[in-house]
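Thanks, everyone. I would like to walk through one model today, going from the chain as a whole to a single helix and then to the relation between the copies.

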Protein chains: 2
Amino acid sequence: MDEHHDGFESALSVNPGIPQPAIVDNASLQRFLNHSRKVYGVDDYVEGILQNNRTVLSKAITLVESSLPEHEQMAQNIIERCLPHAGKSLRIGITGVPGAGKSTFIEALGKYLTAKGRKLAVLAIDPSSERSKGSILGDKTRMELLSADPDAFIRPSPSSGSLGGVARKTRETIFLCEAAGFDTIFIETVGVGQSETAVHSMTDFFLLIQIAGAGDELQGIKRGIMEMADLIAVNKADGNNLEKAQLAKTQYQSALHLFPKPLSGWTPQATVCSSINNTGIEDIWNTILEYEAATRQNGFFTTRRLQQSQYWMRETIQTTLINRFYTHPAIEKSLPLYEEKVLNDQMSSFAAAYALLDEYFAGLA
Amino acid sequence: MDEHHDGFESALSVNPGIPQPAIVDNASLQRFLNHSRKVYGVDDYVEGILQNNRTVLSKAITLVESSLPEHEQMAQNIIERCLPHAGKSLRIGITGVPGAGKSTFIEALGKYLTAKGRKLAVLAIDPSSERSKGSILGDKTRMELLSADPDAFIRPSPSSGSLGGVARKTRETIFLCEAAGFDTIFIETVGVGQSETAVHSMTDFFLLIQIAGAGDELQGIKRGIMEMADLIAVNKADGNNLEKAQLAKTQYQSALHLFPKPLSGWTPQATVCSSINNTGIEDIWNTILEYEAATRQNGFFTTRRLQQSQYWMRETIQTTLINRFYTHPAIEKSLPLYEEKVLNDQMSSFAAAYALLDEYFAGLA
């Protein structure tokens, strides 16, 4: 550990390999950054990331997650420098309703992958309001084995911000993890909201974890989510549940055939697995590799990534425009006053909006 | 008809009371605006709206729907001038899946209301991609009776733009309709996407139209939509279907009791109706009036409108920031070039986004 990182270490009580709490509010982030005597520059961050220093990686991600303009600028410089070293991982989206056993599944597949020599980063997209609903590390004792695995890196979801903002930061975090040498990235989401679309917009493969229920398996899962799936895995196919899981798999298989063939040229599949018995895990991984080979060959793999870049170019523009507005000193001062007037019916929403916009644009000129 | 409006009249072939096609693309809007010799000012628009001149109202809505900055400015001036005359209607959101018979229902309830002397405006929120799925006037022969009713004004959904943009324009259109003297506003949406949340953010009452299906009625409807409903009406309760509809109503009633009591203090209800037999329509209206009386008395009616204003203040700011960016001449010129670079992998999404942002902010300074 070089001296550059001591300040950060003590501030964060960092223990590499163990997930750290995200520093979410700007005040504590500022304290954390001030704690260190030395001013850490972009070079320090980039160097640390490329050396697979997890402490530095964690801190860089914290910068990415900050909404302060000065951190935004630094974070973008770090990302830009990391980009030439990024892009080489396989990015896998994993979704499923709470109770489907996502964490146990991720631990089982993750351990299988690190045993095979792969380096795995596990990220999550879930805006704060959804954290309690079973998102990653909502319960910090989950994924104990994987957390302690030196070849795995687990990062909780940014715990504040809108879905759009969180998703963008997660995508930027992917690049940092890739530059740090992780060749496999899981993006977990809880499968109850719109976050699946966000995950789909930044991954190569989309895995839907289901469990066998009572009766019709197709109820309760949104058509839109099924349409995104490249593979549906019916989890908890063990003990008394095995037969039901097999039946559910058959039902999903039939349902998948009803959808139009995806642009990838890949026929979505259904399978069963048991995370506690470790059955079906290897098959799932082989299916993912088959998908990768097929879409690399037909060019879809690259096309999709480039289209994702185009989409995120626009997203980056839009969130930056909005972020710069709300963090502008004049607006930070005036916004509460205008909101008060609107809530007291002394001003219309339009008049207040345009007064603030005029103030902002006048301040820029 | 005064001379100010002749140019518009001939350009639009306006026939008051008959829904007009929305002028959606800016080129045709420009042609339409240039067609008139006289330059129409804010005063002309406001005067015409306050006189309940539907031609002028329609044209003002077309201005609101335009995304050209010069129209945006003018539209905002018109809205601002109309606001003191707005706010006095009862705003009712009506949603339901395609096939639930929303149009027939709106026609039945609408005719009932105009017969009672109310003045009704029917608007819709559905972004372009969803238009074919049963949105208002997707089939122009629908609501024939209501279309010809001099006390009803039907306006199709803006046929382009994002959901957020369309929703904002629909909300602005509400104010214009209120200033024109309409005391009852219906906002229709197709009930398959996120548009319900948008409708909920601009209405006083939320009516969900359902039909009796086979078996469990609670499948296929999102919990979130049911939670927003102040009243669920099971439509097509006629002929052989009557018994099934009654059963469905009972099921909805039980389900509604499972939700936490809403902040309005109102207990959501379920009922049956038949738009073709005109049964249950009057009861539905009386329920809506009961709700209005109860929430006006406990203050929720006003509180909710003010909170909606606060929400839309932020929405207006955000869409304006984004719209000004994309319509800036420098960006209109540079954007396609950068998108091309991103798609050809010559530039990262971040570098392209920040290059465009730099260009934009440099142009503003």
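I will call a residue buried when its relative accessible area is under 20%, exposed when it is over 50%, and partly exposed in between, using a 1.4 Å probe and protein chains only. Please keep in mind that this is a predicted model, in which local features need pLDDT of at least 70 and side-chain atom pairs count only at pLDDT 80 or more, while totals for chains, interfaces and linings use all residues. Residues are numbered from 1 along each chain as its sequence is written, chains are lettered from A and ligands numbered from 1 in the order in which they are written, and side-chain values use heavy atoms, with hydrogens and water left out.

Of the 365 residues of chain A, 56% count as buried. Chain A holds 15 helices and seven strands, taken as DSSP runs numbered from the N terminus (H or I over at least four residues for helices, E over at least two for strands). If contact means heavy atoms within 4.5 Å, then 78% of the contacts in chain A with a separation of 6 or more come from residues 24 or more positions apart.

Let me turn to helix α14 of chain A, residues 329-343. Its 15 residues should span 21 Å at 1.5 Å a residue, and its end C-alpha atoms are 22 Å apart, which agrees; the expected span is 1.5 Å times one less than the number of residues.

Which residues of α14(A) are buried? They are Ile331(A), Ser334(A), Leu335(A), Tyr338(A), Glu339(A) and Val342(A), and their cover includes α13 (300-327) and α15 (349-364) of chain A as well as α13 (300-326) of chain B. Just after α14(A), Asp345(A) adopts a positive phi of about 65 degrees.

The same surface serves both copies, with 100% of the contact residues of chain B recurring in chain A.
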